Amino acid sequence: MSRTPDTSDLQRHAQDASALLKTLCHANRLLIACTLKEGEKNVSQIEADIGVPQPHLSRDLGRLRDAGLISARRESKNVYYSITDPRLVKVIDALCTAFAPEQS
């Protein structure tokens, strides 16, 4: 059973939580976060996983990177992305619990 957060804790962090949710409010960015939860991936792998064209991916990866939620690492011609903010993993887990169909 999860504990109920203290309202004063929520008040101190409401702006940060709101900013994170605002960044994730676009379906492509949410899907990117979901696939990166599995581990580091390059743009081609992300494109194959979520079916979003590369130009849109680049824009949305940039938004997630600018928000400090993911980071990029260049290796030769490939750029690999990974989640850097552990709060993002917790939010994605909560969304999967709430919206993903139950596995049998």
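Colleague: What makes Cys96 count as partly exposed?

Modeller: Cys96 has a relative accessibility of 35%, and because buried means under 20% relative accessible area, exposed over 50%, and partly exposed in between (1.4 Å probe, protein chains only), Cys96 counts as partly exposed. Before we go on, please keep in mind that this is a predicted model, in which local features need pLDDT of at least 70 and side-chain atom pairs count only at pLDDT 80 or more, while totals for chains, interfaces and linings use all residues. Residues are numbered from 1 along each chain as its sequence is written, and side-chain values use heavy atoms, with hydrogens and water left out.

Colleague: How do you know how many disulfides there are in the whole structure?

Modeller: A disulfide is a covalent bond between the sulfur atoms of two cysteines. The working test is a pair of cysteine sulfur atoms within 2.5 Å, and a search of the whole structure by that test finds 0. For Cys96 the nearest cysteine sulfur is that of Cys34, 4.7 Å away, and Cys96 is in no disulfide. Likewise, Cys34 is in no disulfide, its nearest cysteine sulfur being that of Cys96.

Colleague: Why is Cys34 called partly exposed?

Modeller: The relative accessibility of Cys34 is 27%, and therefore Cys34 counts as partly exposed.

Colleague: What makes Asp60 buried?

Modeller: Asp60 has a relative accessible area of 0%, so Asp60 is buried. Its place is in helix H4, residues 54–66, where helices (H or I, at least four residues) and strands (E, at least two) are DSSP runs, numbered from the N terminus. Leaving aside neighbours within four places in sequence, Asp60 is in contact (heavy atoms within 4.5 Å) with His26, Asn28, Arg29 and Ile32. Of the 104 residues of the protein, 28% count as buried.

Colleague: Why are strands E2 and E3 said to pair, and how many bridges join them?

Modeller: Two strands pair if DSSP finds at least two bridges between them, and 6 bridges join E2 (residues 70–75) to E3 (residues 78–83), the two running antiparallel. Ser71 stands opposite Ser82 in E3. The two strands form a hairpin with 2 residues between them, and Ser76 in the turn has a positive phi of about 60°.

Colleague: Which elements does the protein have, and in what order do they run from the N terminus on?

Modeller: The secondary structure comes to 5 helices and 3 strands, and from the N terminus on the elements run α-α-β-α-α-β-β-α.
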